[in-house]
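Morning, everyone. I have one model to go through today, and I will keep it short. Please have the structure open on your screens.

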Amino acid sequence: MSNESDILLQIKDLKISFHVFGAGLIPVVHGVDLTIHRGEMVGLVGESGSGKSVTAMSIMRLLEEPTAVLSGEILYYGEKSGQAVDIMKLRQGSKSLRALRGNDIAMIFQEPMRALSPVFTVGHQVAEAVRLHRNVTKKEARQISIDMLGTVGIPDPERRFREHPHELSGGQRQRVMIAIALVCQPQLLIADEPTTALDVTIQAQILELMNDLQKKLNLAIMLITHDLGIVAQTCSRVNVMYMGKIVESAGVEPLFATPKHPYTHGLLQSVPVPGRGHRQKLFAIKGTVPEPLDIPPGCAFGPRCELFQTGMCDSDKPVPITPVADGHWARCYRAEEV
């Protein structure tokens, strides 16, 4: 078990709201607490609309403010000073925040074709990250970039350095995104659905690459995904998110063996199982994720829950956090019954 001195990033009571024309201030993240230790891979899972990507973007302060209203603490513990930097207190556009992005904390975005500029070569975009954060010449930045393209498994990196994103395959573009994120050797990598829209073979290659780089660089990774199979293969801890809250947190093995939140249980039941008869229907959680303007009272998952109990689960009181075991808790009124 990691101790407090190993903490790299700590999110405390993060709340995010957006100003929406005609509707006012709409809350989308409701008091998230999350801890990432040095060198570990942490999963953040949940359906679309749960608040995963918004939470990740808040760490990098990429949400447009003041349209987005943020509160809470995001504490980053750098190795050099040993002191915590509250990212929430850094001014937008400040030198301190620009130095943090890309250099200490980097992010792989969900769709590489949208994240990469179509008008600049691959090499220009990788080298730009190097020259922004490291005091090197243009020639040195070029060589560092080519070396990194080779490290992430792109064949003939010198030729690819001169090509544009549209000349690369989907898997190669994703590797370029990883190269840009890692070229300055950050301590934390945020990977937002890094295998979306890739075929199964390329998915496996990207995940293997991330695992190898994590061990080689002692890199902490926050992996955002809806694929529990990926979490089982790669992560040591997992946080399950629903409607802007972490509803369960545990090590991967305890979570898969003994899920204690009905939502987690439903997600695991929805995973296809080898050997299941072709006539047997896949399990599906009933209902849909509610709109942020229409969150039910009490437990947000209540209307979709098989264990819903009137008078308890729709109470106005905050949903209690139930400790299950060391490092394992669930935000549920009936966690012991799951």
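Y263 has 0% relative accessibility, so this tyrosine counts as buried. Keep in mind that this is a predicted model. Y242 comes out at 2%, and since the cut-off for buried is under 20%, Y242 counts as buried too.

Now the aromatic contacts. How many aromatic pairs does the count give? The count comes to three. For Y242 and Y263, the ring centres are 4.6 Å apart and the planes make an angle of 50°; stacked would need under 30 degrees and edge-to-face over 60, so this pair is tilted. Y242 belongs to strand β9, residues 237–242, while Y263 belongs to helix α11, residues 262–269, so the pair ties together parts that are 21 residues apart in sequence.

Now the whole chain. It contains eleven helices and twelve strands. The radius of gyration is 21 Å, close to the 20 Å from the globule rule for 338 residues, so the chain is as compact as a globular protein of that length. Along the principal axes, the C-alpha atoms fill a box of roughly 70 × 50 × 45 Å.

What share of the 338 residues counts as buried? The figure is 47%. Among contacts with a separation of 6 or more, 64% come from residues 24 or more positions apart. Finally, the chain exposes about 17,000 Å², with carbon and sulfur atoms supplying 52% of that area.

Note on methods: Residues numbered from 1 in each chain as written. Predicted model: local features only at pLDDT ≥ 70, side-chain atom pairs only at ≥ 80, totals over all residues. Heavy atoms only, no water. Phe/Tyr/Trp six-rings, centres within 6.5 Å; stacked < 30°, edge-to-face > 60°. Helix = DSSP H or I, 4+ residues; strand = E, 2+ residues; numbered from the N terminus. Buried < 20%, exposed > 50% of the residue type's maximum accessible area, 1.4 Å probe, protein only. Rg over C-alpha atoms; globule rule 2.2 N^0.38 Å. Contact = heavy atoms within 4.5 Å. Areas by Shrake-Rupley, 256 points an atom, 1.4 Å probe, with all protein chains shown as cover.
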